[in-house]
Amino acid sequence: SDPSPQHEVAGFAYELLDRPVPPVVDFDSADLSAMQRSFYDESRYMVNDKLVGIVGSLRYPSYEQGLRACLDQELREVPPSSGVVSRLLGPVKDGLARLRRTMAKDQARPLRV
């Protein structure tokens, strides 16, 4: 898959959870500690060509497919009567049908590796 900026990956995760995507904050104006600034300043894009060359293929070649699979697994494992977790995931479970339809469409398309 293509490298993606962190805000795109996080934005996609928020959308999967039917939550509002926080605004992107310019790095120079962000209120970060020295340690946080150092971490983000040294973040690099990674290309998985070498890994794919070793293992042949990835189960989830894109972050979109991987995050959808994680959410789907979590939703299958949450029992309906789990109290707080169930209340927090209620809106997510309501959107599960939409998520599964999107996953089915993705599986019908050829994957880029």
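**View 1. Glu8 in helix α1.** Glu8 is partly exposed, its relative accessible area being 39%; buried denotes under 20% relative accessible area, exposed over 50%, and partly exposed the range in between (1.4 Å probe, protein chains only). The residue Glu8 belongs to helix α1. Between the C-alpha atoms of Glu8 and Val21 the distance is 9.9 Å, with 13 residues separating the two in sequence. The model is predicted, so that local features need pLDDT of at least 70 and side-chain atom pairs count only at pLDDT 80 or more, while totals for chains, interfaces and linings use all residues. Numbering starts from 1 along each chain as its sequence is written, and side-chain values use heavy atoms, with hydrogens and water left out.

**View 2. The whole chain.** Of its 113 residues, 21% count as buried. Contacts (heavy atoms within 4.5 Å) between residues at least 6 apart in sequence join residues at least 24 apart in 61% of cases.

**View 3. Packing of α1 against α4.** Helix α1 (residues 6–16) packs on helix α4 (residues 63–77) at an angle of about 35 degrees, the axes lying 10 Å apart. Axes are lines fitted to C-alpha atoms over the stretch in contact, and angles run from 0 to 180 degrees between N-to-C directions. Glu8, Val9, Phe12, Ala13 and Leu16 of α1 meet Tyr63, Glu64, Leu67, Arg68 and Leu71 of α4. By class, this contact of α1 with α4 has 7 nonpolar, no polar and 3 charged residues; Ala, Val, Leu, Ile, Met, Phe, Trp, Tyr, Cys and Pro count as nonpolar, Asp, Glu, Lys and Arg as charged, and the others, Gly among them, as polar.

**View 4. The buried side of α1.** Gly11, Phe12 and Leu16 of α1 are buried. These residues lie on the same side of α1 because they cover an arc of only 140 degrees around the axis, taken from the directions from the helix axis to the C-beta atoms. Just after α1, Asp18 has a positive phi of about 55 degrees.

View 5. Arg76 forms a salt bridge with Asp72, their closest N and O atoms being 3.2 Å apart; the term requires a side-chain nitrogen of Lys or Arg within 4 Å of a carboxyl oxygen of Asp or Glu. Arg76 and Asp72 are separated by about one helical turn, because they are 4 residues apart in helix α4. Asp72 counts as buried, at 10% relative accessibility. A search of the whole structure finds 1 salt bridge.

Methods:
Helices (H or I, at least four residues) and strands (E, at least two) are DSSP runs, numbered from the N terminus.
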